[in-house]
Amino acid sequence: MLNSCGSLYRLKSFSSVEYMTTDTSSPGSLPTRGVTLGARAASVYDWIEPLMMFGRMGSLVTATIAAIEPRPGQAFLDIGCGTGLFTAALAEKIGEGEVVGVDASGPMIHQARKKRSSSICSFEVALAEELP
């Protein structure tokens, strides 16, 4: 599939993305109509986010998880997961099942995988606007 940026990509499944591009501004990222953060931002995102959220991120994550009332064995898709803070918290809450986080930014997904992957929590580079 050729998108408006002239890059070729194919989403075969959540665990397999084929992607070819000549864009090297953020290696591993997919071209999107939205905004992606590069490697520099991804490496400091978890330190800066609490300041930008005035220390409220933990309570927002807790309130959001409570509102969706997750149960063990359910499956969830977190679109635009960034470094995976919410995705991992949701996986921890359900205990068993599957939680997949997707983001167009390769560097953000790299950080999420490095910090927060588990047996039921995984992360993939994918475009929200191209999900089946």
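The model is predicted, so local features require pLDDT of at least 70 and side-chain atom pairs count only at pLDDT 80 or more, whereas totals for chains, interfaces and linings use all residues. Residues are numbered from 1 along each chain as its sequence is written, and side-chain values use heavy atoms, with hydrogens and water left out.

I begin with helix H2, residues 57-68. Helices here are DSSP runs of H or I with at least four residues, strands are runs of E with at least two, and both are numbered from the N terminus. The expected span of a helix is 1.5 Å times one less than its number of residues.

Which residues of H2 are buried? They are Met 57, Val 61 and Ile 65, where buried means under 20% relative accessible area, exposed over 50%, and partly exposed in between, with a 1.4 Å probe and protein chains only. These three lie on the same side of H2, because they cover an arc of only 65 degrees around the axis, taken from the directions from the helix axis to the C-beta atoms. In general, an α-helix has 3.6 residues a turn, so residues three or four places apart point the same way. Thr 62, Ala 66 and Ala 67, on the other side of H2, are exposed. The cover over the buried residues includes helix H1 (39-52) and helix H3 (85-94), with contact meaning heavy atoms within 4.5 Å. Just after H2, Glu 69 adopts a positive phi of about 50 degrees.

I turn now to the core. A nonpolar core is a set of buried Ala, Val, Leu, Ile, Met, Phe, Trp, Tyr and Cys residues joined through side-chain atoms within 4.5 Å. The largest one has 20 residues, and Leu 90, Ile 94, Val 99 and Phe 123 have the most contacts inside it. At least two residues each come from H2, H3, helix H4 (106-116) and strand S5 (121-125); H3 gives the most, with five.

Finally, the sheet is open, with three strands in the order S3-S4-S5 and parallel pairing; strands pair if DSSP finds at least two bridges between them. Strand S3 (75-79) and S5 are the edge strands. Five bridges join strand S4 (residues 98-103) to S5, and Val 100 has Ser 122 as its bridge partner in S5.
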